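Welcome! Take a moment to look over the sequence and the model, and then let us walk through a few of its features together.

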Amino acid sequence: MVVYGVALLSACMLAGLVVGDLLGILIGVKANVGGVGIAMLLLILFSDHLKRTLRMNALAEQGILFWSAMYIPIVVAMAAQQDVVAAVKGGPAALIAGVLAVVLSFALVPVIARIGQPADERDEMSEADAACALPLKSGE
C-alpha cells in the first residue's frame, strides 16, 4: 500500500516544516531552520516505530520504504540547491569552503573504502591495482 508511504511522508514533511518555522521564529531568523532534517528524522523514527510494533503489513512497509527512499535524495537536493544560491550570494569564502569540502570528500573515498578490511585483503587489492597498471616504456 504505497498510499501509506505517501501519507507518512506528507505528515512528516508538514510536521518538519512547522517545527523548522517555529525554530526560526525562536532564534529570530526569518527562515525555516532545519525543517527538512527534522522531517527526515521523523520519517525514520515513525517508520521504525511502526515496524517494531508490527502495525504494518508487508505491502505498507514496501510503500513506506519506497517513498522514504525517494524522499530523502529529492529533499536533500532541494535543500542543497538553496544552500548553493545563498553561498554564491554570500561571497567567495563560502564558495571556497564548498569546493574544498567536495575535494576533500573525494580524496577520502579510498581511505574510507579500506576501513574494516583485513590488512592482507588491502595488500591484495594494492597488488591487483599494480598489475592492472600499464607498463611504461623507457623514454615515455
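Helices here are DSSP runs of type H or I with at least four residues, numbered from the N terminus. Glycine 35 belongs to one of them, helix α2. Please keep in mind that this is a predicted model.

Helix α2 is made of 18 residues, and from its first C-alpha to its last it reaches 25 Å, close to the 26 Å expected at 1.5 Å a residue. Which residues of α2 are buried? They are Gly35, Ala39, Met40, Leu43 and Ser47. Looking down the axis of α2, you would find its buried residues within an arc of 140°, so they line one face of the helix. The face turned away from that buried side carries Leu41, Leu45 and Arg52, which are exposed. After α2 comes leucine 54, which has a positive phi, near 55°.

**A closer look at glycine 35**

Glycine 35 has a relative accessible area of 1%, and because buried means under 20%, it counts as buried. What does glycine 35 touch, leaving aside its neighbours within four places in sequence? Its contacts are Gly16, Leu17 and Gly20. Leucine 23 is 12 residues from glycine 35 in sequence, and their C-alpha atoms are 8.7 Å apart in space.

How many salt bridges does a search of the whole structure find? The search finds 1. Side chains of opposite charge can pair when their charged atoms come close. In this model, the side chains of aspartate 48 and arginine 52 meet in a salt bridge, at 3.1 Å from N to O. Both residues lie in helix α2 (residues 35–52), and they are 4 residues apart, about one turn of the helix. An α-helix has 3.6 residues a turn, so residues three or four places apart point the same way.

Isoleucine 27 is exposed, at 57% relative accessible area.

**Accessibility at a glance**

| Residue | Relative accessible area | Class |
|---|---|---|
| Glycine 35 | 1% | buried |
| Aspartate 48 | 36% | partly exposed |
| Arginine 52 | 57% | exposed |
| Isoleucine 27 | 57% | exposed |

Note on methods. Residues numbered from 1 in each chain as written. Predicted model: local features only at pLDDT ≥ 70, side-chain atom pairs only at ≥ 80, totals over all residues. Heavy atoms only, no water. Buried < 20%, exposed > 50% of the residue type's maximum accessible area, 1.4 Å probe, protein only. Salt bridge = Lys/Arg side-chain N within 4 Å of Asp/Glu carboxyl O. Helix = DSSP H or I, 4+ residues; strand = E, 2+ residues; numbered from the N terminus. Expected span 1.5 Å × (residues − 1). Arc of directions from axis to C-beta. Contact = heavy atoms within 4.5 Å.
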